[in-house]
Amino acid sequence: MSALRVLFVIPGLAEGSSMIFARRQAESLTRQGVEVDLFHLRSRTSLPELIREWRRFRRRLRRVNPQVIHAHFGTVTACFAAWGATFAIPGRPLVITYRGSDLNPVAQGVGWRARLRAAAGRALSQLAALRADRIVCVSSRLRQRLWWRRGNAVVLPSGVDTEVFRPEPRERVRARLGWSAAERVVLFNAGNNPALKRLDLARKAVGLAGDLLDGVRLEVLDGRRRPDQVPELLNGADCLLLTSDQEGSPTILQEALACNLPVVSVDTGDCASRLAGVQYCSIVAREPGAIAAELARALETPVRSNGRDKVREFSSQRIAGELRRIYLELGAGAERTPAGTRAQASRGAR
């Protein structure tokens with residue numbers, strides 16, 4: 001019996017840390033015997049570029065002949081994949097993973113142009129859901145954002161490789177990083193969107209915490225950091241801080257738990273449920289003074305959490321197994337049913 005073939009459609013370039021969790025998910029699936037091919041959608045805003053990407057996509061579809069197409073974001077990426085599943089290779093099952101900003105509203109204070117772009121992106125996400133044979137939302141809160149097809153949606157986080165993200169002695173890691181053993185380091189993931197992650201709020205809170213304790217420093221992760229550096233930074237830091245206006249299911253929080261790093265977070269995405277029952281972690285009000293007070297409490301004496309006790313909830317092995325089961329259900333159906341007949345039946349059912 002031949003291996004199940006799946007084509008991932010991922011926004012952005014193949015290099016750097018962008019959508020690294022989707023690439024890692026592909027690696028996890030490969031270890032479970034799934035043949036995964038990656039198509040990186042290089043442009044989502046230029047019509048001429050999208051036309052060129054469409055031609056490249058059709059060639060890839062013909063070469064790979066996937067049994068399942070899996071779009072790893074909503075907006076243009078999901079619509080692009082849905083178009084391919086409908087017209088370029090009719091009848092192929094489509095899975096869409098929604099990750100946060102593709103369904104979440106934008107934060108207050110954003111300019112009208114950005115709000116208009118975000119609204120258009122959310123509309124495209126909702127339209128693409130109508131074509132999806134299965135929907136994956138990284139949190140239950142995000143699932144509630146769907147206008148329709150909620151009954152066809154499952155909640156699965158991206159997954160964390162617990163062999164890569166595992167606890168190491170803080171002092172040993174700091175020696176490698178060249179960090180002082182005496183400083184109190186707050187790690188913050190700004191990613192490629194520091195405004196949405198609220199880097200401004202994090203800086204204010206850490207500044208206030210520095211008035212309460214000596215040696216407090218903010219270490220900011222941005223999109224230029226190499227992915228292989230992240231485990232060391234998590235193990236070298238004293239706590240992780242999250243202040244985002246909106247999240248889906250922040251992978252950095254799951255990685256911190258896998259490394260037993262304490263977390264201070266506002267109530268965003270699924271952070272509250274992820275941190276439930278984890279020692280030395282807390283959910284605080286989205287206000288600089290409240291965050292600073294909790295940071296001071298967490299930083300006063302360096303400790304580690306018991307977050308690794310929860311890794312089974314979001315381990316990459318478990319998530320890959322769940323996805324493989326979904327693919328087999330959809331792929332088996334596609335194998336048994338002629339493509340055109342299946343596409344008509346699927347549209348009729350909706």
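User: How far apart are the mean positions of the positive and negative charges of the protein?
Analyst: This is a predicted model, in which local features need pLDDT of at least 70, side-chain atom pairs count only at pLDDT 80 or more, and totals for chains, interfaces and linings use all residues. Residues are numbered from 1 along each chain as its sequence is written, and side-chain values use heavy atoms, with hydrogens and water left out. The protein has 55 positive and 34 negative charges, where Lys and Arg count as positive, Asp and Glu as negative, and His and the chain ends are not counted; each charge is placed at NZ of Lys, CZ of Arg, CG of Asp or CD of Glu.

User: What is the radius of gyration of the protein?
Analyst: The protein contains 14 helices and 11 strands, taken as DSSP runs numbered from the N terminus (helices H or I, at least four residues; strands E, at least two). For 350 residues the globule rule gives 20 Å; the rule is 2.2 Å times the number of residues to the power 0.38, and the radius is taken over C-alpha atoms. The protein comes close to that value, so it is as compact as a globular protein of that length, with a radius of gyration of 21 Å.

User: Which percentage of contacts between residues at least 6 apart in sequence joins residues at least 24 apart?
Analyst: A contact means heavy atoms within 4.5 Å. Among contacts in the protein between residues at least 6 apart in sequence, the share that joins residues at least 24 apart is 68%.

User: How many residues of strand E2 are buried?
Analyst: Strand E2 spans residues 35-41 and is mostly covered. Buried means under 20% relative accessible area, exposed over 50%, and partly exposed in between (1.4 Å probe, protein chains only). Of the seven residues in E2, the number buried is five.

User: What is the relative accessibility of Asn65?
Analyst: Asn65 lies in the loop between helix H2 (47-64) and strand E3 (68-71). Its phi is positive, about 50°, although Asn65 is not a glycine. Asn65 counts as partly exposed because its relative accessibility is 32%.

User: Where is Tyr280 found?
Analyst: Tyr280 is not a glycine, yet has a positive phi of about 60°. Tyr280 counts as partly exposed, at 40% relative accessibility. Its place is the loop between helix H11 (271-275) and strand E11 (282-284).
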